[in-house]
Amino acid sequence: MEIEPTHKIHIENLNVYAGKQQILNNINIRIPKNKITVILGPSGCGKTTLLKCMNRLTDLYPELKVTGKVMINGKNVLDAGEDIVKLRQYMGLLSQRPYPLPMTIYNNIAFGLKLKGIKKSRELHKQVVRYLQQANLWDEVKNRLREPASRLSIGQQQRLCLARGLAVNPEIILADEPTSALDPISSQYIEEKFVELKNDYTIVLVTHILRQARRIADYVVFMYLGEVIEQGTVDEVFGNPKMEKTKQYLGGTFN
Amino acid sequence: MYLLNRSQRHKVNYTWMIISLLLVASLPFLLFLGLYLKSFLLIHDYHLGDLLFSKVWKPGSGKFGFYPFIVGSIWVTLLAMLISAPICLLTAIYVTQYTRKRFLRIMHPAIDILAGIPSVVYGVWGILVIVPFISKFVGPLFGVETLGYSILAAALVLSVMIIPFILNILIEVFRTIPMELKEASLSLGATQWQTVKSVLVKKALPGIIAAFGFGLARAFGETMAVLMVVGNVVRLPKSVFDPGYTLPALIANNYGEMLSIPKYESALMFAALILLAVSLFFNLVMHFFIDRYNKFAS
């Protein structure tokens, strides 16, 4: 199937099973380009698994069986022949808690750059600086680049992870509740950054926080128990939800 | 009801806790002190440097040079570590990163069985299998004539013995690394092997050092199996095919007759003291590295 130019990711009939249990049930989603798409839903509804299908981190869990199509740039990500390494560099990942690599601040960024084949130290340095600046971290760390990344505060670590993800020059950012471990100021920073980044990137944000979705989403996918209940623009889903489950979740009377 | 009221019971419990703590904490010191006092006779009469670095061991004529035993112990231990460390590291990486969880569930009992085999059984296995194997195959392969009872035999038996201990710790170390760290590295476009090499091993380094240190200490102190295959010849080994003698074997072999020769008892106690000191040294070095590493990265 052709992807319309305005859509970056096209998910068709995606099913995920863990043994006999079905985790994702017939998911069909279109994710628009240069927009923030929020995948919303209560804990355990399969949001994270859906995200992991997109960059094939599901491969790490041999108990998972994935069927269907995840089309990105006209290619099915789930096809075995796909070059997973290139594909993953096409997408940056921001996880729930920051997991800096066990190396220096500088090398956390340089790691991905080196994987992309950049070897000259001058070019590496230039790019490290650029991506740290892009994540608004440069001023705080410019004098401590050789310190281990684990010494940064958790908010700084999350920005480092963002910079690290941007450094491999992706077109898509996958974010899995990236603010759930952060204080309000760091969270607000990440949200503002996402709004800024959507000009250049397509952002898929998984969250269970309604206000966050309302603040920054362009497009909303509401999930419950492994199924997509409703999807549409933020105005459609929040302003005029059609499904009972969505109304309940938005109204806080969910059970 | 109770003999004592609540605060009295609390006091009694507290006192007992302090007493047990002090007992445990003071044991190493008492051990050291005891061995020192017992070997004092020897240390008092001889120069410490002579004791540690003299090659002549003739207790009958009052010559106590521990150098052959120290060298023998170090050779056997280091060689055993050289053999088992890479095997353990690669196995741990394989079973935790490349196989399904079910495989680990099968591996675990196998490792535990290996760990539970008495060392004398390993010794018998060494005599029946390793020693002839070395004298008939490995020796001729290198053009060396050897009886098989050698440093190499001891190291081989020892390496098999310490594998389960090191491996169990390493598996635990790799299992406690959060999955998300692996995901982060993979999502940056690293391959599985690049992730293992540049991220997971780095993250696990303090644990890896601790595991190796633990194995080293165990290997250094192992007595029975080594004694049975090392040859027990007081001589500086020139190659791994030569027989040797280790400190624990010295103590175990001669304990029965130590009262027959003057200062012999002191000499054996001194051997024990060296063992304890070396183990302590290994421990300190290991902690030094782990601390340093933790300060630098974690």
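Predicted model: local features only at pLDDT ≥ 70, side-chain atom pairs only at ≥ 80, totals over all residues.
Where in chain A does Glu177(A) lie? Glu177(A) sits in the loop between E7 and helix H7 (184-197) of chain A. The points below return to this residue after the overall picture.

1. The predictor gives the complex an ipTM of 0.89 and a pTM of 0.86. For chain B the mean pLDDT is 91, and 98% of the residues reach 70 or more.

2. Chain B overall. Chain B contains eleven helices and two strands. Read from the N terminus, its elements follow the order α-α-β-β-α-α-α-α-α-α-α-α-α. The C-alpha trace of chain B spans about 75 × 70 × 40 Å along its principal axes. Of the 298 residues of this chain, 36% count as buried. When contacts in chain B between residues at least 6 apart in sequence are taken, 74% of them join residues at least 24 apart.

3. Domains of chain B. The chain is divided into domain 1 (6-44) and domain 2 (53-296). Taken over C-alpha atoms, the centres of domain 1 of chain B and domain 2 of chain B are separated by 30 Å. Nine residues from domain 1 of chain B and nine residues from domain 2 of chain B take part in the contact. On the domain 1 side, those residues are seven nonpolar, one polar and one charged.

4. Leu273(B). This residue is found in helix H11 (residues 264-296) of chain B. Is Leu273(B) buried or exposed? Leu273(B) is buried, because 20 other C-beta atoms lie within 10 Å and the cut-off for burial is 20 or more. Leaving aside neighbours within four places in sequence, Leu273(B) is in contact with Leu35(B), Tyr36(B) and Ser39(B).

5. Helix H6 of chain B. This helix covers residues 151-175, and at 1.5 Å a residue its 25 residues should span 36 Å. The end C-alpha atoms are 35 Å apart, which agrees. H6(B) is mostly covered, with 23 of its 25 residues buried.

6. The contact between the chains. How many residues of chain B are in contact with chain A? There are 21 residues of chain B in contact with 20 residues of chain A. On the chain B side, the elements that give two or more residues are helix H7 (179-187) and helix H8 (192-221). H7(B) supplies the largest share of that side, eight residues. By class, the chain B side divides into nine nonpolar, six polar and six charged residues.

7. Helix H7 of chain B. Lys182(B), Glu183(B), Ala184(B), Ser185(B), Leu186(B) and Ser187(B) are buried in this helix. The buried residues of H7(B) pack against helix H2 (84-89) and strand E6 (91-94) of chain A, together with H8 of chain B. Just after H7(B), Gly189(B) takes a positive phi of about 100°.

8. Ser95(A) has its place in the loop between E6 and helix H3 (105-115) of chain A. With 26 C-beta neighbours inside 10 Å, Ser95(A) counts as buried. Not counting residues up to four places away in sequence, Ser95(A) touches Asp176(A), Glu180(B), Glu183(B) and Ala184(B). Within chain A, the C-alpha atoms of Ser95(A) and Cys161(A) are separated by 8.6 Å, with the two residues 66 apart along the chain.

9. Backbone angles to check in chain A. In general, most residues other than glycine have a negative phi. Phi of Glu177(A) is near 40°, a positive value in a residue other than glycine. Glu177(A) is buried, with 20 other C-beta atoms within 10 Å. Asn169(A) has a positive phi of about 60° and is not a glycine either. Asn169(A) is found in the loop between helix H6 (154-167) and strand E7 (172-176) of chain A. With 14 C-beta neighbours inside 10 Å, Asn169(A) counts as partly exposed.

Technical notes
Residues numbered from 1 in each chain as written. Chains lettered and ligands numbered in written order. Contact = placed C-beta atoms within 7 Å. Helix = DSSP H or I, 4+ residues; strand = E, 2+ residues; numbered from the N terminus. Nonpolar A, V, L, I, M, F, W, Y, C, P; charged D, E, K, R; others polar. Expected span 1.5 Å × (residues − 1). Buried ≥ 20, exposed ≤ 12 C-beta atoms within 10 Å, placed from the backbone. Domains from an automatic or database assignment. pLDDT = per-residue confidence, 0-100.
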